[in-house]
Amino acid sequence: MENDKDVLEVRNLKINFNTYAGTVKAIRDVSFDLRKGETLAIVGESGSGKTVTTRSIMGLNSPNAVIDSGTIMFKGQDLLKKSRKQMDQIRGRDIAEIFQDPMTSLDPTMKIGKQIAEPLIIHKGMKREKAYAQALEMMKLVGIENAEQRINNYPHQFSGGMRQRIVIAIALVNYPEILIADEPTTALDVTIQAQILDLMKELQAKTNTSIIFITHDLGVVAGMADRVAVMYAGKIVEYGTVDEIFYNPKHPYTWGLLNSMPTMDTSGTELPSIPGTPPDLLDPPVGDAFAARNKYALKIDTEKQPPFFKVSDTHYAATWLLDPRAPKVTPPAPIIERQKHYAELVHEELNKSKGNHVEEQEEQL
Amino acid sequence: MIDYSDENKILQVEHLKQYFNIGKANEVRAVDDITFDVYRGETFGLVGESGSGKTTTGRAIIHLYEPTSGKIIFNGQDVSKLDSKKQKQTFRRDMQMIFQDPYASLNPRMKVKDIVAEGIDINHLAKDDADRSKQVEDLLETVGLNKDHSSRYPHEFSGGQRQRIGIARALAVQPEFIIADEPISALDVSIQAQVVNLLKKLQRERNLTYLFIAHDLSMVKYISDRIGVMHYGRMLEIASSDEIYAHPLHDYTASLLSAVPVPDPEYERARVQIPYDASQEFDGKERSLVEIVPHHWVRASEDEIPMYKKRAQEDSRLKK
């Protein structure tokens with residue numbers, strides 16, 4: 001998996017939180033790579049560890065977080081070994097973050113021009129005039145109209161969508177290598193969400209920034225991601241390219257997630273849901289953490305954690321169902337539909353490489 | 001199937017206006033002249049962006065506000081004209097609300113059984129303590145919680161469980177009509193489906209009517225029989241959920257639907273978002289809801305009707 005294109009390598013990350021109730025094992029052995037210019041989506045429910053993972057990259061975990069093991073390699077250096085001062089240098093320059101709530105991530109008492117120019121002044125030692133000129137450019141780039149006048153406005157003078165554009169401008173003003181976007185559109189309306197997502201894609205194409213995109217909305221993932229990692233109970237349970245995860249999912253949790261989201265075509269009396277709730281990470285289960293909610297669970301799931309099984313060069317899933325000794329199971333019907341479509345896609349791909357162009361644009365799902 | 005005859009109307013909203021800060025510089029016309037009916041046993045979905053007035057509409061219907069003008073008729077009675085204490089209490093029993101935030105809507109200092117039983121106590125629905133406990137336990141089991149949970153406090157529950165407590169509390173007084181204001185927005189995807197299934201099951205078993213307020217269009221489409229689309233405090237379009245998706249007549253509806261992210265990478269790569277220019281709503285023309293085809297209403301001016309009629313015959317503008 002390691003190659004020159006990786007800008008970030010997370011290996012065997014384990015993070016615990018010391019609380020009054022005991023030690024919460026929030027991240028339980030997470031490894032992944034982020035490549036140059038790609039968007040990696042991390043999907044999972046609240047408490048699955050997606051935010052803690054990215055907070056560790058940013059060095060922003062709360063004081064009761066203990067890094068049990070692991071490395072986060074960025075430009076040949078382990079970010080987990082950096083001091084706070086050193087992280088201050090990296091944060092906002094090489095790695096920047098867009099937070100979920102544009103209402104609270106801006107300073108309400110500071111004009112937005114200053115907030116956008118600040119990273120330039122701090123990290124590049126730029127003079128005020130030059131930094132403000134660049135901030136103005138950035139405002140135009142993220143689509144804020146009348147930038148010349150609005151540079152002197154305060155955050156409360158902007159709508160939610162405009163504020164998120166400002167947050168994006170602040171994050172990108174130093175052209176960071178890595179942009180972490182933690183549920184950047186969850187607080188926004190669908191029409192505004194679509195604009196912000198388009199803007200992020202457009203800016204990524206211009207700047208070649210690598211994006212880690214955290215969300216629980218699979219619809220957003222389908223539109224944004226190149227690769228997807230699915231997290232559950234502090235672990236990555238499946239990862240692959242966006243097509244592999246959506247059209248050829250192998251982990252029962254991924255099946256459950258894909259099924260429980262109604263699309264515009266879903267009908268029927270019962271929505272397929274995942275029963276139960278995620279496990280308590282104060283005392284994580286011995287075997288597969290998803291076993292208790294998984295109707296496809298095998299006996300071994302309660303005894304031993306599944307390793308990653310290879311599906312393709314880019315696609316891995318941690319489920320015993322992929323073990324050659326496991327009994328064959330039939331996935332839920334909508335998943336079979338998705339897999340059929342995947343087979344068609346692969347077939348088309350093959351035909352294309354043979355030179356037979358298949359003209360089937362409007363393939364029904 | 002739902003009976004869409006006039007006798008089966010449970011709620012009639014007529015020319016409802018809800019303004020705030022009237023006469024001042026910061027007057028807000030949160031709801032501006034909306035009219036719609038809800039029929040017994042159906043789920044009416046109310047969608048729109050934040051600020052479109054959908055929550056205000058819900059709150060005005062349950063009479064948390066005094067309407068600026070217009071009428072809200074519930075079970076044949078104007079809710080603004082309930083004068084006796086008894087009438088008001090019956091209204092509050094028949095209509096209940098489930099709130100968006102399962103963390104803020106439960107009193108952290110009350111035990112679950114007291115939260116659920118509050119309505120039972122106020123309406124004297126329990127004969128004695130044993131009956132009260134029995135009712136609470138039954139309600140908790142109905143919503144899929146363990147009856148042993150009744151002496152716990154809200155903080156001991158997850159978001160999905162708390163929302164179930166909120167549903168149990170609403171059901172405690174045996175309502176006919178429930179206003180669910182974004183009941184699943186604060187929940188995780190895997191939990192959302194559980195709560196939606198629960199709401200649908202309860203509706204089947206108890207013949208409940210829902211006003212389901214949400215901004216998640218795919219979930220609204222799934223749960224609702226009919227959908228009303230709101231924008232800038234006005235109702236722009238009302239139709240059955242299948243019809244509104246197959247033939248969104250108003251440009252705003254089409255734009256809203258085209259912006260919904262779909263968990264399908266191929267669809268997403270080919271997505272074309274339909275832009276919407278809101279200025280068309282403010283060209284000064286006189287507009288009202290017009291029934292373009294049976295049961296499909298759109299806010300239109302006289303001269304726009306032929307255009308909408310034509311549009312209703314054409315194929316959906318949304319790519320499938």
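I began with a strand pair: B:Ile73 stands opposite B:Asp78 in S5(B). Before going on, I noted that this is a predicted model, where local features need pLDDT of at least 70, side-chain atom pairs count only at pLDDT 80 or more, and totals for chains, interfaces and linings use all residues. Residues are numbered from 1 along each chain as its sequence is written, chains are lettered from A and ligands numbered from 1 in the order in which they are written, and side-chain values use heavy atoms, with hydrogens and water left out.

Entry one, strands in chain B. I found that S4(B) (residues 69–74) pairs with S5(B) (residues 77–78) in the antiparallel sense over two bridges; strands are DSSP runs of E, at least two residues, and helices are runs of H or I, at least four, numbered from the N terminus. Two strands count as paired if DSSP finds at least two bridges between them. S4(B) and S5(B) make a hairpin with two residues between them, and B:Asn75 in the turn has a positive phi of about 50°. S1(B) (residues 9–20) also runs antiparallel to S4(B), joined by five bridges, and there I saw B:Val13 partnered with B:Ile72.

Entry two, the record. UniProt, in an unreviewed entry, places "domain: ABC transporter" at residues 11–257 of chain B; such annotations may be inferred rather than shown by experiment. I get 38% helix and 26% strand for that span, with its end C-alpha atoms 27 Å apart.

I take a nonpolar core as a set of buried Ala, Val, Leu, Ile, Met, Phe, Trp, Tyr and Cys residues joined through side-chain atoms within 4.5 Å. The largest has 58 residues, and B:Leu171 and B:Phe212 are among those touching the most other members. Helix H6 (residues 189–206) of chain B gives the most to this core, with seven residues. Apart from it lies another core of 38 residues, including A:Phe213 and A:Met224.

Is A:Ile245 buried or exposed? It is buried, at a relative accessible area of 3%, where buried means under 20%, exposed over 50% and partly exposed in between (1.4 Å probe, protein chains only). A:Ile245 sits in helix H9 (residues 242–247) of chain A. Leaving out residues up to four places away in sequence, its contacts (heavy atoms within 4.5 Å) include A:Val228, A:Leu258 and A:His315. A:Asn259, in helix H10 (residues 252–260) of chain A, is also buried, at 12%.
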